[in-house]
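Subject: Handing over the structure

Hi,

Here is the structure I promised to pass on. Have a look at it first, then read my notes below.

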Amino acid sequence: MVLFQESNQAAWEHLERVPYAQTAAEQREIYLSMYETAHPKLNSRALDHFLAPLLPQDRINVKFLIYRAPVTHRNLIVELARTYCKIKPDRLVSRAAKSNIYFGGNVYLTRETFLNAEKDSRGPYFIVFHELAHAIDWRFGGALFFRTMRSEYVRPIVQAVYDKLDAHLEQLRNQGVLFEEKQRERLLQFLKRGACKDIRLDETEQALLKELRSYFVPQLSGANHAALSDAWSGATANRICGQTQHAKSYYFIGQRQTHLQGPEFFANHFAYGVLNNKQALSDNAKMFRTTVKQMDEYIQDLFDQ
């Protein structure tokens, strides 16, 4: 290959910046060798052991992406591998478990995950880094469960969603759409609650809900908006969201929120960070400025520990 007829430094610099899709398997393997030679203190053996259940090419690809990630994200994943966390093959998960999950110190990934993981529209191996982020949140966050379930992380997400809903309803009113204040309040109450058998939306309220969906759903859809969609799913019980990965029961038990939109936003935001998806990170910050600031500070705090 012409690339590797040049100096090692030129090859290194090229592979540091070229998009993943423009690299070949043999290039990634050479990059790993160069990187590990240049970083002898890196615990690459622990990372190899950590990734052992994956197929050989998947291991190479995932390591390639880890090594190119921002230093904060890279070091947290390597530290995770160095401690007690393991990736487990799906045969160790109960037969009923058909999804990926982080639980009790282990990352469980179904075999189906890796059939198309490299071609995930959200980015190569996005789901792997998403689940590793959950492990980092649980393992290093200093809480009994996910640290990002705390109200200090969840409250700004919910507040931002309902500020945007309120603002758009006010915009509709200014445009001449007629509705009473009690109808606005009933609609927002309907969205805030999981089980709403006692709330029957009237014709005007249903029309308003349809308008809210038509306005916001396109902003929450697409490969770059997994974090946004999960945040809105958790705040509106899946009533306004993009391509959601979880059922309403994941975010609500009856009328009570589970606060899992915090961990899901964190895991998606972390995965986009590993993959250096600048557009996704920018869109996250535009819609949830406070939350992104909190999550980035949290990542930095974990790195500094």
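Let's start with arginine 184, which counts as buried at 15% relative accessibility. (Buried means under 20% relative accessible area, exposed means over 50%, and partly exposed is in between, with a 1.4 Å probe and protein chains only.) Its partner is glutamate 181: the two form a salt bridge, with the closest N and O atoms 2.5 Å apart. By salt bridge I mean a side-chain nitrogen of Lys or Arg within 4 Å of a carboxyl oxygen of Asp or Glu. Glutamate 181 counts as partly exposed, at 34% relative accessibility. Both sit in helix α8 (residues 181-192), three residues apart, so about one helical turn separates them.

Before you go further, keep in mind that this is a predicted model: local features need pLDDT of at least 70, side-chain atom pairs count only at pLDDT 80 or more, and totals for chains, interfaces and linings use all residues. Residues are numbered from 1 along each chain as its sequence is written, and side-chain values use heavy atoms, with hydrogens and water left out.

The big picture

The protein chain has 14 helices and five strands. Helices (H or I, at least four residues) and strands (E, at least two) are DSSP runs, numbered from the N terminus. Of the 305 residues in the chain, 51% count as buried. Among contacts with a separation of 6 or more, 62% are between residues 24 or more positions apart; contact here means heavy atoms within 4.5 Å.

More salt bridges

How many salt bridges does a search of the whole structure find? The count is 12. As a general point, side chains of opposite charge can pair when their charged atoms come close.

One of the salt bridges joins lysine 63 and aspartate 48, whose closest N and O atoms are 2.7 Å apart. Lysine 63 is in helix α4 (residues 56-68) and aspartate 48 in helix α3 (residues 44-50), so the pair ties together parts that are 15 residues apart in sequence. Is lysine 63 buried or exposed? At 6% relative accessibility, lysine 63 counts as buried, while aspartate 48, at 35%, counts as partly exposed.

Another salt bridge brings together the side chains of glutamate 205 and arginine 186 (2.9 Å, N to O). This pair links distant parts of the chain, with glutamate 205 in helix α9 (residues 203-220) and arginine 186 in helix α8, 19 residues apart. Glutamate 205 is buried, with a relative accessible area of 1%, and arginine 186 is partly exposed at 32%. There is also a network: salt bridges that share partners join Asp166, Glu170, Arg173, Glu181 and Arg184.

How the helices cross

The axes of α8 and α9 come within 10 Å and cross at roughly 60°. That makes α8 oblique to α9. (Axes are lines fitted to C-alpha atoms, for helices over the stretch in contact, and angles run from 0 to 180 degrees between N-to-C directions. Angles under 35 degrees count as roughly parallel, over 145 as roughly antiparallel, 65 to 115 as roughly perpendicular and the rest as oblique.) Residues making this contact include Arg186 and Phe190 of α8, and Glu205 and Leu208 of α9.

For another pair, look at α7 and helix α10 (residues 226-236), whose axes come within 9 Å and cross at roughly 85°. These two are therefore roughly perpendicular to each other. Where they meet, you'll find residues including Ile157 and Leu165 in α7, and Ala231 and Trp232 in α10.

What's inside

A nonpolar core is a set of buried Ala, Val, Leu, Ile, Met, Phe, Trp, Tyr and Cys residues joined through side-chain atoms within 4.5 Å. The largest one has 79 residues, and Phe129, Leu165 and Phe288 touch the most other members. Helix α7 (residues 151-174) gives the most to this core, with 10 residues. Apart from it lies another core of six residues, among them Trp138 and Phe252.

Asparagine 284, in helix α13 (residues 278-287), has a relative accessible area of 0%. Leaving aside neighbours within four places in sequence, its contacts include Phe265, His269 and Tyr272. Threonine 291, in helix α14 (residues 289-304), counts as buried at 1%. Not counting residues up to four places away in sequence, threonine 291 touches Tyr153, Pro156, Ile157 and Phe265.

Cheers
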